[in-house]
Amino acid sequence: MSVARIVSALQFCPGGCVFGPPARRDPAPSLQSRLFNMLLRLLPFKKQLASAEAIQAHVQKLALEPVTFEPTGLGRGVEATLTKMGGWPVYYTAPSSGHEGCNYVMFLHGGGFINEIVPAHWRFVGQMTRQARVCCVVPIYPLAPRATAKDVVPATAELLRMLLEDAGPAKVTVVGNSAGAGLALAACQWLRDRGHRQPSRLMLISPAADASVSRPEQVAIAARDPMQDIPGIVEAGRLYAGELDVGHPFVSPLNGAFRALAPMTIFSGTRDLLYPDSVDLAERARAAGVPVELHLLRDQPHNYALMPTPEGRRARAIILRALANLHRESSS
């Protein structure tokens, strides 16, 4: 099925009911969201992705001036512990009031595989820890070009396998945004191919599922996207691919198999040049028998679910509610 036909069928359903009965049309974006889109255009994100040369310069700068990955903005009521697993720094967060009976979230941050975790990610980790009463496991995975998909995907999957094993009867949800969402999907495909258990659910925020960014319609979408541009995403994907082809499922998990994966909740917006991949991802997963919710909102940008807008707050509420429901299920 073509992306155009799927999007037409979705009617931009605000409740995530992707393949069910027709829903009312998605309302116009909020005033705050429209203003935030304007603000995003004034920030340097799009300029940094305007060309391969800009990405290379950015990577070189980060190599000379590494950015800290330490937790910033977790907020009150959250404790963080740093350990190392497989040579990677890994943070564990837990409610300060105690974590007896808590479920787990593995959070995989975005950043195009070239940028470190940022305070907005940590704020969301703190919110999940505090409000959903989960323990979060946050791997600080190495970045490209120093590390590439050939090593990062299996290592991430192995961390997830160990977490699933150690969690016992507790539920484990994987939450990822952008590059981290693509990494989450690739890691779960790796686990499935080797006969390992799947997490309880995958929460994918604006997933980077196809590093080729080769759909004809994405050229027009890129002009509307206030944050991203095609040349930079392609170059970042090339750096992350390393010796692999960018079409390899480790790099572009949209090209992998979807049978027997965990149920998925996907968030995307139509000002995100990656959104056609999210629509295709939802359709392929559904066709393979995987339960899917796709929350596709009109005129929302990349990673809208983490932004300080009404739409972002509603998306985070959906995630927190799903985590809380898992907690009630495991407690009953």
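This is a predicted model: local features need pLDDT of at least 70, side-chain atom pairs count only at pLDDT 80 or more; totals for chains, interfaces and linings use all residues.
Student: Is H8 oblique or roughly perpendicular to H10?

Tutor: The axes of H8 and H10 are 10 Å apart, and the angle of packing is about 125 degrees. Roughly perpendicular takes in 65 to 115 degrees, and roughly antiparallel takes angles over 145.

Student: What radius of gyration does the protein have, against that of a compact globule?

Tutor: A compact globule with 332 residues would have a radius of gyration near 20 Å. The value for the protein agrees with this; it is 18 Å.

Student: Which are the edge strands of the sheet?

Tutor: The sheet is open, its pairing is mixed, and its strands run in the order S1-S2-S4-S3-S5-S6-S7-S8. Neighbouring strands are turned by 15 degrees against each other on average, direction ignored. An edge strand pairs on one side only. That holds for S1 (78–85) and S8 (292–297).

Student: In which sense do S1 and S2 pair, parallel or antiparallel?

Tutor: Strands of a sheet pair through backbone hydrogen bonds, in one of two senses. S2 is formed by residues 88–95, and S1 pairs with S2 over 8 bridges. Thr 83 stands opposite Val 90 in S2. The sense of the pairing is antiparallel.

Student: Which strands does H6 touch where it packs on the sheet?

Tutor: Helix H6 is made of residues 149–167. The direction of H6 makes about 170 degrees with that of S3. The strands touched by H6 are S1, S2, S3, S4 and S5.

Student: Is H6 roughly parallel or roughly perpendicular to H7?

Tutor: H7 covers residues 179–193, and the axes of H6 and H7 come within 8 Å. They cross at roughly 70 degrees. Since angles of 65 to 115 degrees share one label, H6 is to H7 roughly perpendicular.

Student: How many residues in the contact of H6 with H7 are nonpolar?

Tutor: On the H6 side the contact includes Val 152, Val 153 and Leu 160. On the H7 side it includes Leu 183, Trp 190 and Leu 191. The contact also has 1 polar and 2 charged residues, and its nonpolar residues number 12.

Student: Is the crossing of H4 and H9 left-handed or right-handed?

Tutor: The axes of H4 (residues 52–64) and H9 (residues 230–241) come within 7 Å and cross at roughly 55 degrees. That makes H4 oblique to H9. The crossing of the two helices is right-handed.

Student: Which residue is joined to Pro 145 by a cis peptide bond?

Tutor: Pro 145 lies in the loop between S4 and H6. The omega of the cis bond is about 5 degrees. The residue joined to Pro 145 by this bond is Ala 144.

Student: What phi does Arg 133 have?

Tutor: Arg 133 lies in the loop between H5 and S4. Arg 133 is not a glycine, yet its phi is positive, at about 50 degrees.

Notes
Residues are numbered from 1 along each chain as its sequence is written. Side-chain values use heavy atoms; hydrogens and water are left out. Axes are lines fitted to C-alpha atoms, for helices over the stretch in contact, and angles run from 0 to 180 degrees between N-to-C directions. Helices (H or I, at least four residues) and strands (E, at least two) are DSSP runs, numbered from the N terminus. Angles under 35 degrees count as roughly parallel, over 145 as roughly antiparallel, 65 to 115 as roughly perpendicular and the rest as oblique. A crossing is left-handed if the near helix is turned anticlockwise from the far one by less than a right angle, and right-handed if clockwise. Two strands pair if DSSP finds at least two bridges between them. Contact means heavy atoms within 4.5 Å. The radius of gyration is taken over C-alpha atoms; the globule rule is 2.2 Å times the number of residues to the power 0.38. Ala, Val, Leu, Ile, Met, Phe, Trp, Tyr, Cys and Pro count as nonpolar, Asp, Glu, Lys and Arg as charged, and the others, Gly among them, as polar.
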